[in-house]
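Subject: Structure handover

Hello,

Here is the structure for you to look over. My notes on it follow below.

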Amino acid sequence: TDLNRIRNFSIVAHIDHGKSTLADRLIQLTGTVAERDMQEQLLDSMDIERERGITIKANTVRIEYPAKDGHTYILNLIDTPGHVDFAYEVSRSMRAVEGSLLVVDASQGVEAQTLANVYQAIDADHEIVPVLNKIDLPAAEPERVKEQIEDVIGIDASQAVEISAKTGLGIPEVLEAIVTRLPAPKGERDAPLKAMLVDSYYDPYLGVVVLIRVIDGVIRRGDRIRMMRTGGTYPIEKLGVFKPAMQDIAELGPGEIGFFTAQIKQVRDTRVGDTVTHEKKQCAQALPGFKPSIPVVFCGLFPVDANDFEDLRDAMEKLALNDASFTFEMETSAALGFGFRCGFLGLLHLEVIRDRLEREYDIDLITTAPSVIYNVHMRDGSMMELHNPADMPDPAGIDHIAEPRIKATILVPDEYLGDVLKLCQDRRGEQLDLTYAGQRAMVVYDLPLNEVVFDFYDRLKSVTKGYASFDYQMIGYREDFLVKMSILVNDEPVDALSMMVHRDRAEGRGRQLVEKLKELIPRHMFKIPIQAAIGGRVIARETLSAMRKDVTAKCYGGDATRKRKLLDKQKAGKKKMRQFGKVEIPQSAFINALKMD
Ligand code: GTP
């Protein structure tokens, strides 16, 4: 294909601003999919994505568009994940294309993820076409939003295309803008093969499917290829493009985007950002800037029912086949028995995996407090990475502990600014910047990741009634006064509830936790002390008093069915309980106890 007839682009947008709806319209208008096959949100393939309206893995589609200049163009759209946990994948897929459509909801304006994503596009040297969506809404203010794009992002918005992805208004203009305003790709057909590995996924029938962007050279079916970073060599079996259904193709040349399969067994053998070349005739240099995505948030996942352990392992192995950034290893907990210590890219990633385990594999889980990786510097000069508070070494040997910190950007309407500042301050944040754009404030904070992993999003949403948007990036490690706090129920330590906290916050957090647990643990026939402790020192304590009466006494003895029903109900409730020494703690207590107010 003539390079001048190709345009490669992605769509950047804040969540819900209409990225998927626009992609669907582009596909529909160019007849890429027959009308009867058109399904809303074609590009979001996983159920869970569809349900939550979030796009997790990059997807791609090849569109053929007859332009006004009389030529037919090939437009390759790479759909990027919109969420901060997948920032590395976003930056990779951005490097596979030359331009971006910047979609902004004309009734909402620029949000935190608009900024984060558009900066990635700018970093990748993209030509950017601003698109104002939802102009059918009475609340749309295209002129104000254009100004905002110019003020906040600093790109020219005078030529912004005004559209309604819902009604279809302005879609032809978007297609023309792609052809006339975005640059064609460059590349040399005669050079050795150099292609970027953009994404990969596991298909139960085909094995691993690899999405690539060819930079130089030509790839054909039957070629033997080499992955330059991992060193693996494979024979190309199937080569094709997504329209969005798979369609075989004889070759892919410079500037083209497509997929191949090559008897690759697991997604782990394919690294996003790797360089694909020919085994024999290699390209001189791999693509720069390769870095694998590594998990930053860890937690324990334990089956509520110990008999589910093997099923849980199977389910995790299946999920890991398709997700190289999800890690797990076996863990035993005195309190929870056998389970797994799991690593995730971020909180959303954690939630998605936990959800899939519970829903698709039907396994009830206990999730322990999410934790970050602490760097524990020992007196002897060595350093250990602490993934689990339970593995904390003897404090006598510790010199100091450092924790990861993030730079968080929050955009929020003025009236909620005070609450947002208070929330960040409460989470040990340090303000870096505060600016205004229209009626919105943009605050930048340096925050400990640890303070964000549990319920920061939820709190932020609730104090701003959902109007704030949030994005973050890791900035490095810093020493602080951190200690391990343990929780004891009836004098037994419940390791699943132990956590790392800042020393100054320990009393407050400990008191909160024991008070919550007092409400969440049902009464027993005996008195139960609930304590928070650092080392051997108790810093907070509550006592759950003993139950006085038999619950069935309420049934006045007479009605046998009612009595049995009540007992059955108790038995069903029991399945969700765990035994700690003599005490039973409901599964929900673990999650609820860890939520901060
Ligand atoms: P994520 O996939 O979650 O990132 O969201 P998205 O940016 O892809 O947004 P999506 O296309 O799912 O649209 C979000 C919501 O806005 C949906 O309910 C759409 O129906 C609605 N929507 C999209 N475009 C328009 C539009 O032009 N006008 C109106 N009124 N609603 C729209």
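A salt bridge here is a side-chain nitrogen of Lys or Arg within 4 Å of a carboxyl oxygen of Asp or Glu. This is a predicted model, so local features need pLDDT of at least 70 and side-chain atom pairs count only at pLDDT 80 or more, while totals for chains, interfaces and linings use all residues. Residues are numbered from 1 along each chain as its sequence is written, and side-chain values use heavy atoms, with hydrogens and water left out.

Salt bridges

Side chains of opposite charge can pair when their charged atoms come close. The structure holds 26 salt bridges. One of them joins Glu98 and Arg213, at 2.8 Å from N to O. Glu98 sits in the loop between helix H3 (87–95) and strand E4 (99–105), and Arg213 is in strand E8 (residues 207–216), so the pair ties together parts 115 residues apart in sequence. Helices (H or I, at least four residues) and strands (E, at least two) are DSSP runs, numbered from the N terminus. Both Glu98 and Arg213 are buried. Buried means under 20% relative accessible area, exposed means over 50%, and partly exposed lies in between (1.4 Å probe, protein chains only).

Next come Arg405 and Glu430, whose closest N and O atoms are 3.9 Å apart. This pair links strand E24 (residues 398–413), which holds Arg405, to strand E25 (residues 430–437), which holds Glu430; the two residues are 25 apart. Arg405 is buried, at 3% relative accessible area. Glu430 is partly exposed, at 35%.

Asp446 and Arg478 form another salt bridge, at 3.4 Å from N to O. Asp446 belongs to strand E26 (residues 440–448) and Arg478 to strand E27 (residues 469–480), so this contact ties together parts 32 residues apart in sequence. Asp446 is buried, with a relative accessible area of 10%. Arg478 is partly exposed, at 30%.

There is also a network of salt bridges, linking Glu403, Arg428, Glu451 and Asp480.

Strand E17

Strand E17 (residues 297–303) is mostly covered: seven of its seven residues are buried. In a regular strand the side chains alternate between the two faces of the sheet. Both faces of E17 are covered. Val297, Cys299, Leu301 and Pro303 are buried on one side. Phe298, Gly300 and Phe302 are buried on the other.

Two strands count as paired if DSSP finds at least two bridges between them. E17 pairs antiparallel with strand E19 (residues 337–344) over five bridges. There, Phe298 has Gly343 as its bridge partner. Three bridges join E17 to strand E20 (residues 365–367), again antiparallel, and Pro303 is partnered with Leu365. Two bridges connect E17 with strand E21 (residues 371–372), also antiparallel. In E21, Val372 is the partner of Val297.

The six-stranded sheet

Six strands form an open sheet with mixed pairing, in the order E2-E3-E1-E4-E5-E6. Its edge strands are E2 (59–66) and E6 (161–162), each pairing on one side only. Strand E5 (residues 127–133) runs parallel to E6, joined by two bridges. Val131 stands opposite Val161 in E6.

Please check these points against the model.
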